Amino acid sequence: MINETDTVQVDPKQLPTDSFTDSDIARIQLVHTIETTASRLGRYAQMVGEDLARAGDYVRALPYGVDDWVVKQAVITERVRGTSWETIAEVLHMSATDAEEKWGEAEAKWRRESRVSDPYRKNPGGYVTSADQYITTDKPYQPSTSTRRPLSASLDAAAHLTGRDVAAADRTFAGTPACAHCAS
């Protein structure tokens, strides 16, 4: 007997389009947005990892729509590498004064960090190893030991097809009748 925790392989491309609920579509869109963002950030990490950048490239190559904390770290990295506020500001379409006002204190704080207070300075080798794995792995954001069901197998559409009964949906997709009277 298959229960809800058993993994069932379902090809979502084979499901009728109208079997997906609005909740399913919203989840699919969210995961696709995250996947696209992760892919763009992965390419950015590869560029940064190659260390062939000219002044301003770490800011210039930032993927559209990244979080402010990523922009801040890119600016700090540029400043530590010797990039001027003018170059950073030009890339970010602002004045040098505004750029320095926005990120100057973050840079100063970064420079004040020590091996005691900063985990990156405490264990740079560990972070390098992690970054290398990320940069060189096809799917770095997918843990190899994951026991979670993939999105396509856990979508609400499976439950929707069988009256919101996930266990019955799993049995149906596994080729097992969903109920006793269907077996006859």
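Two or more lining residues come from each of helix H1 (22–50), helix H3 (68–80) and helix H7 (124–136). The model is predicted.

**Largest pocket**
- The volume of the largest pocket is about 1,300 Å³.
- Sorted by class, its lining consists of 18 nonpolar, 4 polar and 2 charged residues.

**Largest nonpolar core**
- The largest nonpolar core has 16 residues, of which Val59, Leu62, Val71, Val75, Trp85 and Trp103 touch the most other members.
- Helix H2 (57–60), H3, helix H4 (85–91) and helix H5 (96–112) are the elements that give two or more residues to this core.
- Val59 is in contact with Ala74, Val75, Glu78, Val91 and Leu92, leaving aside neighbours within four places in sequence.

**Arg121**
- Arg121 is part of helix H6, which spans residues 119–122.
- Arg121 counts as buried because its relative accessibility is 19%, and buried means under 20%.
- The side chains of Arg121 and Asp118 are joined by a polar contact of 3.0 Å.
- Not counting residues up to four places away in sequence, Arg121 touches Trp110, Arg111, Glu113, Ser114 and Arg115.

Definitions and conventions:
Residues numbered from 1 in each chain as written. Predicted model: local features only at pLDDT ≥ 70, side-chain atom pairs only at ≥ 80, totals over all residues. Heavy atoms only, no water. 1 Å grid on protein atoms, 1.4 Å probe; cavity = no way out; pocket = protein on both sides within 12 Å on 5 of 7 lines; lining within 4 Å. Points joined across faces, edges and corners; volume = space filled by probe spheres on them. Helix = DSSP H or I, 4+ residues; strand = E, 2+ residues; numbered from the N terminus. Nonpolar A, V, L, I, M, F, W, Y, C, P; charged D, E, K, R; others polar. Buried < 20%, exposed > 50% of the residue type's maximum accessible area, 1.4 Å probe, protein only. Polar contact = N/O pair within 3.5 Å; in protein donor to acceptor, adjacent residues only side chain to side chain. Contact = heavy atoms within 4.5 Å. Core = buried A, V, L, I, M, F, W, Y, C linked by side-chain atoms within 4.5 Å.
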